[in-house]
Amino acid sequence: MIQFIHCFKWHLQRGSLLLMLLAFCASGYAQVSGTIVDDKSGEPLIGASILVQGTSTGVISGVTGEFSLDAKQGDVLKISYIGYADKTVTIGAETNLLIRLTEGLSFDEIVVVGYASQTRGDITGSVASVDMSEALKAPVVNAAEALQGRVTGVTVVVSGRPGDAPKINVRGFGTSNNTNPLYIIDGVQTDDPNALNNLSTSDIQQMNVLKDAAAAIYGARASNGVVIITTKGGGYNMARPEIAFSAFTGSSNISNVPGLLNTQQHADMIWQSQLNDGGTPEHPQYGNGSTPLLPSSIQGYTRVVSYAPTTFAPAGQFSAATNGNGTNWVDAITQSAPVSSVNFSIANGEKNGKYYLSAGYLKRDGIIQQTGFERGNVKMNSEFKLGNKLKVGEHINVAFTNTKLGVNEAIENASRMTPLLPVLDDDGEYTGVAGPGLSNTRNPAAQLYRSRNDYNKRLSIFGDVYMSYQIIEGLTAKTVLAGGFNTFNSRYFTALDPEHGEPISTNTLAEQNQTAYNWNWTNTLNYQKSIGDHYINAIGGVEALKDQGKGTGISRQGYLFEDPNFYLLSNGSGAPNIDYVYSGYNTLFSIFGSVNYSFQDKYFATVTLRQDESSRFIGDNKRDIFPSLSAGWDVTKEAFFPQGSVLSRLKLKGSWGQLGNQTLPANNPTVNISNLNEALANYSFNGSSISTGALLSQVGNPDLKWETSVSTNFGIELGLLNNKLIINAEFYNIDTKDLITRDFSLISSTAIDAGAPLVNLGDIRNRGVDLELGYADKTAGGFGYDISFYVSRYKNEVISLINDAPVAGRQDLRNGAVTRTEVGGEMSYFYGRNITGLDDNGRFVYEDVNNDGVVNDDDRTNIGSPHPDFTYGINLKANYKGFDASVFFTGSQGNEIYNYNKVFTDFGLFFNGNRSTRVLDAWTPTNTDTDVPALTGSYPLEEASANTYFIEDGSYFRLKNLQVGYTLPDAISERANIQSVRIYIQGSNLLTITNYSGYDPEVISYDNLSLGVDRQIYPLSKGITFGTNIRF
Amino acid sequence: MKKKIFGFMLITSILITACSDEFTTSPAIGALSDEALKNEVGVNLLLTGAYSSLNGVRANSLGNEWGVAPDNWIMDVLSDDAHKGSTDDDQADLKELELMNWATGNGYFYAKWGVVFAGINRANAVISLINSIPDGDFSAQLAEARFLRGHFNFELQKMWGNVPYISDENYTNTEFNQPNSGAIWTEVEADFQYAVDNLPSSQGEIGRPTSWAAKAFLGKTYLYQSKWTEASTLLNDVVDNGPYSLLPDYVDNFRAAGESGPESVFAVQFTADDGQSYNGNIGGALNFPNPGPFGACCGFYQPTQDLLNAYQTGTDGLPLLDTYNQQDVTSDFGIASADAFTPYAGSLDPRSDYTVGRRGIDYNGYGAHPGQDWIRATPQDYSGPYLPKKNVYWDGEEDVNQGTGGWGQQLSGINYYIMRYADVLLMAAEAAAETSDLATALANVNEVRARAKTSSYMQAVDGSGDAANYVVEPYVAFADQDIARKAVRFERRLELGMEGHRLFDLRRWDIAEQVMTDYFANETRTITNFGPKASAYQGIYDIFPIPLSAIDLSGGALTQNPGY
């Protein structure tokens, strides 16, 4: 920041900012205003674009469909809106226009694609727009969720956990790092999808995704794609303020619970295991008979009665009655979760100023107890004209959020906890496994309850101020100063757990405080000009960006009272502990330019060049240039194109470009970093006082350079039957070169315990096709319908790797990694042993892959792929009179999932714990036609290591959203002095068809080298909400 | 108009030229650069960091979090000295190790492997740094770093047999993937020899090795290779001329009173610091009775019946070398604390009740061990009725020894002896016995036994005198080399039981398979469900498997040990 102020001052002193303060003269244009409405319903259309043909003058309609701009008589206005046919209007004497649009397809819609806008028909790159009005019908918390199934080529995996950002991948898997696309929210740039948690989705006007070289204008940050979000604004010259209100409420429940054993089945499982092991069955809870006996209360039940020293109650003091079939622990930790939201907005504008103000509140509880997300936010966008040439404006968004995370392992513990144990004992206290034969799982209901006072609060302020000045007709200078400020503070209290078999002896309060600031300053010069058949739209600019953060985590033990009113670090009795501290920043400085040229609206070309300089690299690697080229041909406009044929539109386009990636999990990856470290480097030479030590914490790689993607895209846009049927197809090839990842083979297990360096690991190729089909029509009787279908497919191949050595995925799984990435294969395929059957004792038999007569680790092989054959989305919409309905399906086909949860539920890892109902079909001498191995108390570890038992088909077909709405007839609305009222009922995730046996086939991956591994995921919920949208 | 355009261009060009170079440089805040370390302060900081890895905690930990324990309690579990403890379900991966269901992916192996290499390379970091500084005398630090590297490589060698050697040149060039083509004894010897030649004979701080410690470690290195003469020479030198002596009281080795005393040759210096005890024994946090007198975590590391049996003595006060398993010291396994139990009345070596916690005998000052009530393992589990003692602090000494971890677990401040003088005496005795110097063997063994005899004995909780019938006497003579060898080996078990050495003794004596097979059979007499749960010991278990993940990450440099 100091750097920025320094620069800023420097410019001020030299008067170079004078430009921004320059005076200007008036022009002779008149003010034209009007309203854009749907021709059938008369509903105002918000966000339609109105452009004076042949100029750069254009506006977007406000919340009542109103607009106002400077134009003179004889000018032609082009009006376009997503979902409606384009319209042109020549300005006559009337300066207050009512413009009616008919549903259809638009090619003149203004799409914000970079530092400037383009009309859709002119676009030569791969740019997808989200139909926000449709996407936001579902109760979306994070705007990125709206991309799921609605943008072909974009994979979105939505977590069920409230407050979690969805995981987004654009066109296959190129980088192993952060795969988040760059989000541009008005002027603010971020690749943190959590930033979207701070934005109310109802404030979004437009959301566009740049998938190919079109993103090159964002250079070094563009290789994961760019999502551009434009928020709503007011309109100039509005007749009156427009007020909108929307609200929804509803609730959701867990949608799928994998089967777990009940008490009788659990006891039988224990008996069968012991019989299989050659022993005589006996169990501290189930007796020692020939068949197990279910106890009426827990045998040997106890709990802690006093601490310091920790003392358990003597046998018999406490009791816990068991219940019939036992406890369904998943039921015990899930809940029916309410969701509610209200949003209020007001927009207005007069001759020289306009504004949009909104406030919203959303609360969504999670289906797992003590989880949820809450947000209150205020948004203010405004713009002022100082004369006819100078505009100043701002967007500001203030949000306060609180995320309650519960306990991550609760769902895993619910799968492992013995069903015999009741949730509460006879005194109403939580039960635990302190008694014999109950395994060692923590009571997940108690864990969640004790997390009830934990929070993760975040105050986020972001936005921008901008000023644009029209230097001459067609030439505009714009400066944008955008920034974000985030404070995060969290509290975690680890309470005593007197019921647990390993009770902790002291409670702990842990607090975290983090602040993050970022700013970027962008100066652009934009020139637009039509000369005869030639149209040119050029932009050049410079940009500086800085991201910085600082944080501390402190914990302290020994709280006398477990009451949140005492949860201050000063109230602990132990010595305070600094858990972590960090501080750092990174910067980026860029120069860019782009020229769009079109001839007769028929031939289009774009050239873009950007140079980025990043603080993350050193020397010659600091700076890199990212060029791109694209071209398009609107064949329809050719004279030879037959008019009135079935084919009503044909456009071909192609692009090539280089995109970069420098978003790394380190600010200083090029240098070795050693640190003082209390926990890891200090030593007590005399057994008491402590000497300070240091250790190498991060190995640097001075040669690290940008990761670049070379992206080639060919597209064809077809319109048939008067553009009722559209077909868009794009074919792409993306070669990601010098993929950046941590090299765990360089800093391998035989190295020092430092963080592995970030290296340019190798090259990856993604090749694929994105296809979009749509058909929309309206019958004479007023029945309108719209069907659209999105499908995408990619093929991923690893072209080269450093040292050609295979790379393993996440290392923190029991028994080692289960994925591997290797030259010639796909990224992150599943790697393990191939089970060919069960032997005479019901144990796995593995394939001797290398035919050496011995089965060992060398017989691991490719056992599955996390990559789908294709993913798809289907949207069906219909409306008739006041009714509207939409159905949205999404799915994935042909991918496999590594169901890691089976380690706990299918093997005797925790012998007394629970198992999946799959083990009811376990091998026995009389049940040999099965693939479930024999039950045992002592499992061969290979069985729970990577092998085909864990691989499942991950294909699914899901009814993601179903909505039916009704708009009250105008007569009724008008009587209440309301412009329009729409009410709706909506259902999410009502149906999923899948063979996957886990909670949810939509698996969020840990990283791109460990795709498709299902572990501790938050279960999916299905829910119903009721809502209303009212405009006053 | 042109002026305005020019003005804009001016801003742009100024932004480009004036700010970009400085603007796009960001320092690593709070970090020490390689350059910043190139001085005495830097060398000492990294050297302390190398010592710190003695405590078993590394950054970016690998595998199972308990597998790193620096006191090698895991290794006792893999021998006939200890059971895993707690319920069978608890730490299932260790259960499978103890029950001889070994697999290359077991997280315990990987954890230990990882922390040993962290230690080797933190020492390499110091050596590499010293080599990069042109001026100054860092010979003292270099000798300490090489001693530490020798120690870590010794650990590596004794566990995995065929191991890669990562030199300081490899470190400097980040060439960490080296082949494991056999033993690295030569390199271990070179480091210890350098330490012998360059370390001072005494140190201001007790936790730093002296040239005497280096001699003892070099002697041990020879011993492990059956280089008896070389071992003898060095170890006898330490015994005859070194500064060490046995503490008067055996138990003081494990209490505050004897910490860092004259018996300590080289120890992991643990301490119970304020807040989280990062310098306490984190890897041993599970090894306290649960439930028990201090309700700590977690009931692991239970001594075996077999070990307790070994402390039986004959009427002559000598151990029952061949017959100790013909009768069991009375076990309360399966007997509730409320039910009557009569402790063993036969004669026992007094070290028994300082090594094995058994019912009816005082437990480190916390009163009589009541049996099952303090044992987390149930009779359905296989871990038996005994409690560990040496790693558990004594009543009244909590202040200096009871550290706390992040979830309230106990991080003991009791030092762990990588080597103490009794070990040196017995190694010298062993080398002597192997070279037929029976007199020296006898003298050394008897010195150890004499201290056991003259130590204070465990007292009965009711104040009635000795807690049991303690009888221990020196050997009169070793009739032949076989008897001497047997006596020395047995004495090691008695003296050093539950100190992490047993497994490696069994291996180097090449008797692991026989001993473990006998042990499974003997142990099952009292813990009836142990035998049926365990698989047979196999010869390949004499060295650990190279961890699967290590092989996968090595880019083809590492090959698996035979048989896995």
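Modeller: Let us begin with strand 15 of chain A, which pairs in the antiparallel sense with strand 16 (residues 226–231) of chain A over six bridges. Please keep in mind throughout that this is a predicted model. On its other pairing, strand 15 of chain A is joined by three bridges to strand 10 (residues 127–129) of chain A, and these two strands also run antiparallel. A:Asn208 in strand 15 of chain A stands opposite A:Ser129, and its bridge partner in strand 16 of chain A is A:Ile228.

Four strands form an open sheet in the order 3-2-5-6, with antiparallel pairing. Strand 3 (58–60) and strand 6 (84–90) of chain A stand at the edges; each has a single partner strand, so one side of each is left without a neighbour in the sheet. From one strand to the next, the twist averages 15°.

A:Leu962, A:Val964, A:Ile985, A:Leu990, A:Leu991, A:Ile993, A:Ile1024 and A:Phe1026 make a nonpolar surface patch of about 630 Å². At least two residues of this patch come from each of strand 50 (956–967), strand 51 (980–994) and strand 53 (1021–1031) of chain A. Strand 51 of chain A gives the most, with four residues. A:Ile985 has its place in strand 51 of chain A. With a relative accessible area of 37%, A:Ile985 is partly exposed, because that value falls between the 20% limit for buried and the 50% limit for exposed.

Next come the charged contacts. Side chains of opposite charge can pair when their charged atoms come close. Over all chains, a search of the whole structure finds 76 salt bridges. One of them joins A:Asp425 to A:Arg303, with the closest N and O atoms 3.6 Å apart. A:Asp425 lies in the loop between helix 5 (410–416) and helix 6 (444–450) of chain A, and A:Arg303 in the loop between helix 3 (263–276) and strand 18 (304–306) of chain A, so the pair ties together parts that are 122 residues apart in sequence. A:Asp425 is buried, with a relative accessible area of 6%, and A:Arg303 counts as buried at 7%.

Another salt bridge is formed by A:Arg820 and B:Asp552, whose closest N and O atoms are 3.5 Å apart. This pair crosses between chains, from A:Arg820 in strand 41 (residues 819–821) of chain A to B:Asp552 in helix 20 (residues 548–553) of chain B. The relative accessible area of A:Arg820 is 11%, and this residue is buried; B:Asp552, with 17%, is buried too.

Within chain B, the side chains of B:Glu495 and B:Arg420 meet in a salt bridge of 2.8 Å, N to O. B:Glu495 lies in helix 16 (residues 481–496) of chain B and B:Arg420 in strand 9 (residues 416–420) of chain B, so this pair ties together parts that are 75 residues apart in sequence. B:Glu495 is buried, with a relative accessible area of 0%, and B:Arg420 is buried, with 1%. Both residues belong to a network of salt bridges that links B:Glu263, B:Asp349, B:Arg351, B:Lys390, B:Arg420, B:Arg449, B:Arg451, B:Glu491, B:Glu495 and B:Glu499.

The last stop is also in chain B. A search of the whole structure finds one disulfide over all chains. A disulfide is a covalent bond between the sulfur atoms of two cysteines. Here it joins B:Cys297 to B:Cys298, with an S to S distance of 1.1 Å in the model. The torsion about the S-S bond of B:Cys297 and B:Cys298 is about -60°, so the disulfide is left-handed. Both B:Cys297 and B:Cys298 are buried.

Definitions and conventions: Residues are numbered from 1 along each chain as its sequence is written. Chains are lettered from A and ligands numbered from 1 in the order in which they are written. This is a predicted model: local features need pLDDT of at least 70, side-chain atom pairs count only at pLDDT 80 or more; totals for chains, interfaces and linings use all residues. Side-chain values use heavy atoms; hydrogens and water are left out. A disulfide is a pair of cysteine sulfur atoms within 2.5 Å. Buried means under 20% relative accessible area, exposed over 50%, partly exposed in between (1.4 Å probe, protein chains only). Patches are made of residues with over 30% relative accessible area and no salt bridge: like charges are joined within 9 Å, nonpolar side chains (Val, Leu, Ile, Met, Phe, Trp, Tyr) within 5 Å. Accessible areas come from the Shrake-Rupley method with a 1.4 Å probe; for residues, only the protein chains shown count as cover. A salt bridge is a side-chain nitrogen of Lys or Arg within 4 Å of a carboxyl oxygen of Asp or Glu. Two strands pair if DSSP finds at least two bridges between them. Axes are lines fitted to C-alpha atoms, for helices over the stretch in contact, and angles run from 0 to 180 degrees between N-to-C directions.
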